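Hello,

Here is the structure I promised to pass on. My notes follow below it.

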Amino acid sequence: MTTPIRRMLDAYLAEGKARMHMPGHKGILPPPLGDAAAYDITEVQGADSLFECDGVIRACEEGFAALYGAKESLLSCGGSTLCIQAMLALAAHPGEKILFFRNIHRAALNAMILLDIRPVWIYPEGDAEGFGRAEPYQVREMLEAHPDIRGVYLTSPDYYGGMHDIAAIAKICHAFDVPLLVDNAHGAHLRFLERDRHPISLGADLCCDSLHKTLPALTGSAILHIGADRFSRDAAKEAMGLFGSTSPSYLMMLSMDMLLSDPARLTEEIRRTVGQCERVRALLRYRGYAVLDGDPMKLTFRRPGRTGLETAALLREAGIEPEFADGKWVVLMPSMNTPDEDFIRLTRHLAVGQDAPAAAGGCRALGSVCNDVAVPASEVSSREQAPFQTAAAGGCRAPGSVCSEAAVPASEVSSQEQAPFQTAAAGGCRAPGSVCSEAAEPTSEVSLQEQAPFQTAAAGGCRACGSVCSEAAVPASEVSLREQAPFQTAAAGGCRAPGSICGEAAVPTSGMLERGESASLATEPPHGMAADTVRPPREAYFAPSEHIHTVDAEGRIYADIRWPCPPAIPIILPGERIDKKVCEIFLASGKTVIKVVQ
């Protein structure tokens with residue numbers, strides 16, 4: 001395929017024209033922006049215009065339509081947010097209903113408010129992991145019960161990687177003559193899997209892809225795909241123009257355009273990355289982690305007995321920055337540009353969690369990571385390498401691979417070698433040959449004074465795992481919401497008696513809202529917790545409002561739209577009644593003041 005925008009920009013630069021036009025930097029910016037600045041132009045002659053395009057931008061869009069098998073594909077420099085706004089504007093008029101699964105991004109909520117769309121909800125079933133998914137029978141039942149629904153809107157994949165059965169749901173939607181809209185912001189790569197799982201290929205009528213999330217494109221680069229004749233290109237462009245900036249970024253469009261240069265390589269590299277992720281998932285399961293299935297290029301896992309935030313902290317200590325973490329899960333998002341060295345670092349970290357490698361190339365215990373290479377990896381097939389290697393012949397076959405057999409029997413590793421480091425909480429390792437899961441410091445060097453900084457907060461709860469309670473705490477169930485703030489235990493319980501050790505971390509709530517930790521705002525919705533909708537979202541948001549303490553909010557009508565991103569998944573929407581469970585979630589997440597309808 002060709003790259004029409006790149007060709008146009010190269011030609012413009014070659015002409016060396018005096019830039020008597022926007023932007024003000026004139027192609028000159030200091031490092032590290034200098035090389036890119038020359039390509040950052042505006043709608044000069046020959047550069048086309050995004051929302052009225054008939055030149056190079058139109059040619060680029062036609063290239064994407066061919067690549068994704070869509071009727072039309074339209075560039076967005078406003079991320080999937082702009083595409084979502086356009087999809088909802090195309091599907092419903094003000095005051096009309098859309099059926100949503102209850103894991104929408106706040107971009108959909110914002111569009112719902114701007115367009116005065118009335119939501120009808122599908123909730124996850126009670127035993128679902130992550131966000132759960134909409135079952136086809138649920139969609140059918142809701143369409144039968146609400147014949148005035150104008151469209152069905154699903155987020156797939158969701159932030160955890162969970163995916164709906166788009167093909168089955170699309171058939172149901174079409175049987176009821178309503179369009180299926182899919183927020184596929186996290187799934188631009190699905191088209192290139194061995195089994196095409198892209199929503200347009202599965203029957204979606206409208207679909208947005210955030211190219212920047214999983215493909216090598218600049219942040220904010222996205223595509224709106226049209227898969228059905230009921231929606232026209234002109235109407236979609238008009239809807240995008242209603243919400244989009246009149247100054248789209250040519251650097252963003254250039255980064256999208258360059259994805260068209262080599263579709264074969266794109267496919268090959270995405271499938272290679274999926275294979276790497278499959279090996280990591282096998283290692284995670286082998287090491288005892290719970291792993292969520294779904295998007296094959298996303299890694300979502302948790303360690304029993306450890307919060308997602310704790311697991312994320314350990315990853316950061318190992319030089320690995322996760323995409324996201326909450327009270328349960330950690331999310332990693334590799335891509336085709338993730339180097340092999342980063343996968344090796346990840347597998348080494350995951351494998352060394354409990355077992356350590358022995359000297360001279362052999363592993364001491366199952367699951368440990370080899371330091372030496374016995375056979376060059378190039379001489380070993382990918383099937384032989386994945387996911388575990390044997391420590392026979394003095395070492396593993398590839399760096400970072402995981403031993404499936406012990407090279408040095410655990411019985412030959414003396415307790416003296418194992419024992420220098422004990423865990424502070426559990427008293428050390430259980431038996432010769434085992435390895436401490438939380439090797440902290442030599443226990444002899446951990447003084448009472450060092451253990452004591454983390455004490456119980458007001459009305460119960462230690463500030464950190466392993467901290468020692470200095471006084472008895474009242475069970476949280478006997479303490480009012482107001483008395484529990486600002487410190488909460490993750491288990492909502494506190495310490496039981498003086499000298500007991502806290503099993504769950506509870507930090508000052510103001511410290512729980514950093515990137516990667518914002519999911520503590522209950523991104524995984526409490527299953528079975530249906531909303532009590534009192535007023536339409538638009539009406540509630542624009543109604544007279546006030547800010548009150550969360551502890552006083554039970555029974556009031558919520559009026560806010562601000563949710564941390566990532567993942568920006570609201571647990572309550574404007575117009576819904578606040579109950580005690582929502583108050584508890586807010587307080588545990590640091591949201592001590594909220595906006596309510598007067």
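What share of the contacts in the protein with a separation of 6 or more comes from residues 24 or more positions apart? The share is 66%, where contact means heavy atoms within 4.5 Å.

Some ground rules. This is a predicted model: local features need pLDDT of at least 70, side-chain atom pairs count only at pLDDT 80 or more, and totals for chains, interfaces and linings use all residues. Numbering starts from 1 along each chain as its sequence is written, and side-chain values use heavy atoms, leaving out hydrogens and water.

Overall picture. The protein has 598 residues, and 51% of them are buried (under 20% relative accessible area, 1.4 Å probe, protein chains only). Its accessible surface is about 26300 Å² (Shrake-Rupley method, 1.4 Å probe). Carbon and sulfur atoms hold 51% of that surface. There are 19 helices and 15 strands (DSSP runs numbered from the N terminus: H or I of at least four residues for helices, E of at least two for strands).

Four strands make an open, antiparallel sheet in the order 8-9-11-10; strands pair if DSSP finds at least two bridges between them. Strand 8 (290-291) and strand 10 (324-325) are the edges, each pairing on one side only. Strand 8 and strand 9 (residues 299-302) are antiparallel and share two bridges. Val 291 has Phe 301 of strand 9 as its bridge partner.

Two helices go with the sheet. Helix 11 (residues 263-286) packs on the sheet and touches strand 8 and strand 9. Its direction makes about 5 degrees with that of strand 9 (axes are lines fitted to C-alpha atoms, for helices over the stretch in contact; angles run from 0 to 180 degrees between N-to-C directions). Helix 12 (residues 308-317) lies across strand 9, strand 10 and strand 11 (330-332). Helix 12 runs at about 45 degrees to strand 11.

Best wishes

How values were computed
Buried < 20%, exposed > 50% of the residue type's maximum accessible area, 1.4 Å probe, protein only.
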